[in-house]
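Please keep the structure in view while reading.

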Amino acid sequence: MPRPRKMKILHGPPLPQNRSLFKPAGIPARQVPVNVLTLVEFEAIRLIDWLDKSQSDAASMMTISQPTISRILKSARKKIADALVNGKAIQIQGGDFKRHFAGYACSTCNNEWKLDSKQAYAPESCPKCDSEEIYVLKREG
Ligand SMILES: [Zn+2]
């Protein structure tokens, strides 16, 4: 029987949807080959290459083993390098993950709400008053 796949924990807030696709300028998206970077791969890049966490710290934050994060990181870097070198686009989407953060709040109406822990992208506005002045609530712990 296959083991159930373990969820990786993502610590970063969801990306705005308009930051989920990167492509070479001036070429329509449909003419550019696309590399899909999973949100799990993106988190590995964010923690290790951007925040300078060690692979061992990043692995424990994401609740995965060191060989697993090493494999994820290698795959992510290869996709990014391929896009830069060969003029491909990068779409950030998908992956088995849960999010580790509290939710969002609106500075216009003080509404606070939680997101589905699997939601891929950040909300654009408050569901109550439609204000775009929203921010990520600090996570607990
Ligand atoms: Zn609001």
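In what order do the elements of the protein chain run from the N terminus on? They run β-β-β-β-α-α-α-β-β-β-β-β-β, with 3 helices and 10 strands in the protein chain. Helices (H or I, at least four residues) and strands (E, at least two) are DSSP runs, numbered from the N terminus.

This is a predicted model, in which local features need pLDDT of at least 70 and side-chain atom pairs count only at pLDDT 80 or more, while totals for chains, interfaces and linings use all residues. Residues are numbered from 1 along each chain as its sequence is written.

**Confidence**

The pLDDT, the predictor's confidence in each residue from 0 to 100, averages 87 over the protein chain, and 89% of the residues score at least 70. Confidence is highest in helix 3, at a mean of 97, and lowest in strand 9 (residues 121-122), at 76. Where pLDDT is low, the predicted coordinates should not be read in detail.

An open sheet of mixed pairing is formed by 3 strands in the order 3-5-4; two strands pair if DSSP finds at least two bridges between them. Strand 3 (21-22) and strand 4 (34-37) are the edge strands, each pairing on one side only.

| Strand paired with strand 5 | Sense | Bridges |
|---|---|---|
| Strand 3 | antiparallel | 2 bridges |
| Strand 4 | parallel | 4 bridges |

Ile90 of strand 5 is the bridge partner of Asn35 and also stands opposite Phe22. Gln91 of strand 5 is the bridge partner of Val36. The covered face of strand 5 holds Ile90 and Ile92, whereas Ala89 and Gln91 are on the uncovered one. Helix 3 (residues 66-86) lies across strand 4 and strand 5 and runs at about 155° to strand 4. Such angles run from 0 to 180 degrees between N-to-C directions, with axes as lines fitted to C-alpha atoms, for helices over the stretch in contact.

**Helix packing**

How do helix 1 and helix 3 cross, and within what distance do their axes come? The axes come within 9 Å and cross at roughly 95°. The two helices, helix 1 and helix 3, are therefore roughly perpendicular to each other, a term that covers angles of 65 to 115 degrees. Helix 1 makes this contact through Val40, Glu41, Ala44, Ile45 and Ile48, and helix 3 through Ile69, Ile72, Leu73, Ser75 and Ala76. Two residues are in contact if their C-beta atoms, placed from the backbone, lie within 7 Å.

**The core**

Buried residues make up 20% of the 141 residues in the protein chain; a residue is buried if 20 or more other C-beta atoms lie within 10 Å of its own. The largest nonpolar core has 18 residues, and Ala44, Ala58 and Ile69 have the most contacts inside it. Such a core is a set of buried Ala, Val, Leu, Ile, Met, Phe, Trp, Tyr and Cys residues joined through C-beta atoms within 7 Å. Two or more residues each come from helix 1 (39-50), helix 2 (55-61), helix 3 and strand 5, and helix 1 gives the most, with 6 residues. Leaving aside its neighbours within four places in sequence, Ala58 is in contact with Ala44, Leu47, Ile48, Lys53 and Ile69.

The buried residues of helix 1 include Leu39, Phe42 and Ala44, together with Glu41 and Glu43. The partners against which the buried residues of helix 1 pack include strand 1 (8-10), helix 2 and strand 6 (97-99). Just after helix 1, Asp52 takes a positive phi of about 60°.

Terms used: A residue is buried if 20 or more other C-beta atoms lie within 10 Å of its own, exposed if 12 or fewer, and partly exposed in between; C-beta atoms are placed from the backbone. Angles under 35 degrees count as roughly parallel, over 145 as roughly antiparallel, 65 to 115 as roughly perpendicular and the rest as oblique.
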